[in-house]
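I opened the model to look up strand pairing and the nonpolar core. My notes follow in the order I checked things.

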Amino acid sequence: MANIGVFFCTEDEILTHMYERHDGKQQGVIFNPPEGHDRVWRNKFEKEHKEKYDFWPIGRVSYNTNSRQYIIYHDKCLGKDVLEKVRVLFNVPDEVVRYVVDDYYSCQECRKKIIDDDENLYW
Ligand SMILES: [Zn+2]
């Protein structure tokens, strides 16, 4: 069975926290993970990883009851190869997955770029 959940892509591994899709929080046609990244990070990963949760590129896997697809919302800097690994980790079949950039997910590197871009605007 495929899962929903949250993930963090650190330098050398993809950290995940998964739930059965019926344990998700329903918002319209979407079942989202019931806990946010900050909470999962605090409870599960903070001890071994000194960085804050939003240092890394992150994302979530949700389920759309209308299209019957799993949607992997992700930081725009994550490439196809990493997203494919996320899909396999969450056990989502290739034919029912959709990848969507979520601008809300912005790692340390992406935030730096936003600042640089803003500075360029004032030239
Ligand atoms: Zn990023």
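In which sense do strands E5 and E6 pair, and over how many bridges? I was working with a predicted model. I found E5 (residues 58–64) paired with E6 in the antiparallel sense, over six bridges. Within this pairing I looked for facing residues and noted Tyr63 opposite Tyr70 in E6.

Next I checked the link between the two. E5 and E6 make a hairpin, and four residues lie between them. In the turn I noted Arg68, whose phi is positive at about 55°.

I then turned to the pairing of E6 with E7. Strand E7 (residues 97–101) runs parallel to E6, and five bridges join them. Here Ile72 stands opposite Tyr99 in E7. I followed the chain from E6 to E7 and passed through helix H2 (residues 80–89). I recorded this β-α-β crossover as right-handed.

How many of the residues of E6 are buried? I counted five of the six in residues 69–74, and wrote the strand down as mostly covered.

Last I looked up the largest nonpolar core, which has 22 residues. The members that touch the most others are Phe7, Phe8, Ile58, Tyr70 and Ile72. Strand E1 (4–9), helix H1 (37–45), E5 and E6 each supply at least two residues of this core. E1 gives the largest share, five residues.

I took Phe7 for a closer look. Leaving out residues up to four places away in sequence, Phe7 touches Ile14, Leu15, Thr16, Ile58, Gly59 and Val86. As a general note, nonpolar side chains in soluble globular proteins tend to be buried together.

Definitions and conventions. Residues numbered from 1 in each chain as written. Predicted model: local features only at pLDDT ≥ 70, side-chain atom pairs only at ≥ 80, totals over all residues. Buried ≥ 20, exposed ≤ 12 C-beta atoms within 10 Å, placed from the backbone. Pairing = 2+ DSSP bridges. Right-handed = clockwise from strand over helix to strand, strands pointing away. Core = buried A, V, L, I, M, F, W, Y, C linked by C-beta atoms within 7 Å. Contact = placed C-beta atoms within 7 Å.
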